[in-house]
Each structure stands twice: as structure tokens, then as C-alpha cells.
Amino acid sequence: MKSVLCVHQGTEKYGSDRSFVHAVAALAEEETLNVEILLPANGDIVDLFEDSGLAAPNVRPLWILRRARLLSALTVGLPWRLHAVWKAARDLKTFDLVY
């Protein structure tokens, strides 16, 4: 069985968030795939996963580069962001596919 990690940067219910949930639901229908979901925080999107009958997503801090927070991301927040990159690299080795 192949493992797929589905990562999304948002936690709202906007168009891209809904499209992500639909894509994950389509992947989850494939019986030969073990699908896991990763979000940067809990939010409104969790309701969409529940409504689709999908497992609750895993939540952990992710380095999401945003222009408004660029300076703090590269200074004060750098240590935990490097840790997030390390975890992302580990995910790339652990899962067969990252979406």
C-alpha cells in the first residue's frame, strides 16, 4: 500500500481550501493508498474534511512563507522554521507521495 501525505497551507473554507479537500477525498477513495492530511493549524477546513468522511487532519507548525511576515520569519522565527524544514524533509522520505 502506498502512502500519500496531503499538505495544505490554509485553514479556511475558501475556493482553494475546498478544492484541496475534494482532491484529498478523491485520493482517499483509492483503496491502495493510505492518505494522511497535514495542516498548519486547526480551522474551518476541518469541518470540510469531516463532511467528506475523511480522517481528522494532523496539525503541526509548517513554514508558510508570507510576504507580510518575511523579516520575522528570517530572524526571530528562524530556529523553529528550520525545525519545520527538517520535519518536511523527513516527510519526503517517509511518504511515497507528497501532495
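Leu 39 stands opposite Val 59 in β3. This is a predicted model, in which local features need pLDDT of at least 70 and side-chain atom pairs count only at pLDDT 80 or more, while totals for chains, interfaces and linings use all residues. Residues are numbered from 1 along each chain as its sequence is written, and side-chain values use heavy atoms, with hydrogens and water left out.

**View 1. Strands β2 and β3 side by side.** Strand β2 pairs with strand β3 (residues 58-59) in the parallel sense, over two bridges. Two strands count as paired if DSSP finds at least two bridges between them. Strands (E, at least two residues) and helices (H or I, at least four) are DSSP runs, numbered from the N terminus.

View 2. Look for Cys 6, which stands opposite Ile 37 in β2.

**View 3. The whole sheet.** What is the order of the four strands? It's β3-β2-β1-β4, an open sheet with parallel pairing. The edge strands, β3 and β4 (97-98), each pair on one side only. For β4, the partner is β1, in the parallel sense over two bridges, and Val 4 stands opposite Leu 97 in β4.

**View 4. Asp 47 meets Lys 13.** The two side chains form a salt bridge (3.7 Å, N to O); the term means a side-chain nitrogen of Lys or Arg within 4 Å of a carboxyl oxygen of Asp or Glu. Asp 47 sits in helix α2 and Lys 13 in the loop between β1 and α1, so the pair ties together parts that are 34 residues apart in sequence. Asp 47 is partly exposed, at 35% relative accessible area, and so is Lys 13, at 31%.

**View 5. Asp 91 meets Arg 60.** In this salt bridge, the closest N and O atoms are 2.4 Å apart. Asp 91 belongs to helix α4 (residues 78-94) and Arg 60 to the loop between β3 and α3 (70-73), 31 residues apart. Are these two residues buried or exposed? Both are buried: that's under 20% relative accessible area, with exposed being over 50% and partly exposed in between (1.4 Å probe, protein chains only).
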